[in-house]
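The following note sets out points for discussion on the model shown below. Each point may be checked against the sequence and the coordinates.

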Amino acid sequence: MLAKFLKGKQNFIPVLIFALAGAGFLLLNFVQLSDTAALISACLFAVTLIHSVIIINKFPYFRENYYFSFICCLLFVILSCCVENIRFYSAFFILSLILTQILFTYQNEIYIFNSFDFGFFLGFAVIFYPPFWIFAIYLICMYIFKGKTEIKGLIAALLGMVAFSILALEVVAVWDLWYLLDDFKEKLIIDTFVWKHQYFFLLPIFIPAGLGIWDYFSHINRQSASKKIVYFDVLLYSFFVFIFLIFYGGEHQILLFLLFIPMAIFTSNYLTYSRNILHKELILWGMLICLLLYRFHSYISLPKIFDQVTF
């Protein structure tokens, strides 16, 4: 039922998905939306979601369904927490903007950002959330691995990073804001990932993503050049997200948002090309159940049937 509904081409489907996502977000975070910081974070949250879905749904292999929209909204709503963290949501919005533009570059000749912009605006993301410096390495590696055809892009991206660094240092020097450097250095301290028992509920949702990756590589010779580039960029980004989580994940569950775009793309790829309707239904409902269990794990307790047992 759900798989067929998302496969439909009616215009009301994405509107309904966004309406339900918005209502779910408000219900789950209503108590936290009582101050200005939380409201600004929620707005950044919503803009990031809407922009990502609109851009990636333009890809030719996602035009005929709304799997990507549904999975993105589901991940955003269920994983949402700590909505007062303006610095993270600001940096995350910029990072998602850069990533979606990178993916969109080879889909259309008309795009907003160029390579210089990627490097320059990534500097803003690092200023808001310093640990995002790891994604500067992602950007550099992305151009290096693509070979000689992207040398100009690599140089432009590096120039963008240098230009932003010079501009930032000039602002700090002119306004005598050197104390901000101490705060910046403090945010760069390694905070290694801490495993929590509720993460077990999230492990099953990686299975359909893995199936999507397997399906892609199983038919890689049939894929278009633009799709190969998109999936290369997403896989490389995923690799650096895991590195980021290992070194800076800590106990910050909010950082799981970094996985939402690759997870949604890989899973949507499998759902789009799988012919087994039952598998699609099981995956969609399974993801929904796992995410709900993760969200409400604190209300789940096993019956203590052995409390009164004595030997």
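1. Phe-70 is located in helix α4, residues 67-79; helices here are DSSP runs of H or I with at least four residues, numbered from the N terminus. The model is a predicted one, in which local features need pLDDT of at least 70 and side-chain atom pairs count only at pLDDT 80 or more, while totals for chains, interfaces and linings use all residues. Residues are numbered from 1 along each chain as its sequence is written, and side-chain values use heavy atoms, with hydrogens and water left out.

2. Is Phe-70 buried or exposed? Phe-70 counts as buried because its relative accessibility is 15%; buried means under 20% relative accessible area, exposed over 50% and partly exposed in between, with a 1.4 Å probe and protein chains only. Apart from neighbours within four places in sequence, Phe-70 is in contact with Leu-2, Leu-6, Ile-17 and Leu-284, contact meaning heavy atoms within 4.5 Å. The C-alpha atoms of Phe-70 and Ile-277 are separated by 17 Å, and these residues are 207 apart along the chain.

3. Helix α6 covers residues 115-128, has 14 residues and reaches 21 Å from first to last C-alpha, close to the 20 Å expected at 1.5 Å a residue. That expected span is 1.5 Å times one less than the number of residues.

4. The buried residues of α6 include Phe-118, Phe-120, Leu-122 and Val-126. Against which helices do the buried residues of α6 pack? They pack against α5 (86-104), α7 (134-145), α8 (151-174) and α9 (179-187).

5. The largest pocket holds about 640 Å³ of space. On a 1 Å grid over the protein atoms alone, a pocket is an open set of points with protein on both sides within 12 Å along at least five of seven lines, a cavity is a set where a 1.4 Å probe fits but cannot get out, and lining residues have an atom within 4 Å of a point. Grid points are joined across faces, edges and corners, and a volume is the space filled by probe spheres set on the points.

6. Of the 24 residues lining the largest pocket, Gly-123, Ile-127, Phe-164, Ala-168 and Phe-184 lie nearest its centre. Helix α8 gives the most to this lining, with eight residues. By class, the lining has 18 nonpolar, three polar and three charged residues; Ala, Val, Leu, Ile, Met, Phe, Trp, Tyr, Cys and Pro count as nonpolar, Asp, Glu, Lys and Arg as charged, and the others, Gly among them, as polar.

7. The largest cavity has a volume of about 50 Å³. Its lining comprises nine nonpolar residues, with no polar and no charged ones. Helix α5 gives the most to the lining of this cavity, with four residues. Leu-122, Phe-135 and Tyr-237 are among the lining residues.

8. Phe-240 belongs to helix α11, residues 225-248, and is buried, with a relative accessible area of 7%. Its contacts beyond four places in sequence are Ile-134, Phe-135, Ile-137, Tyr-138 and Cys-141.

9. Most residues other than glycine have a negative phi. Asp-176 counts as exposed, at 54% relative accessibility.

Note on methods. Helices (H or I, at least four residues) and strands (E, at least two) are DSSP runs, numbered from the N terminus.
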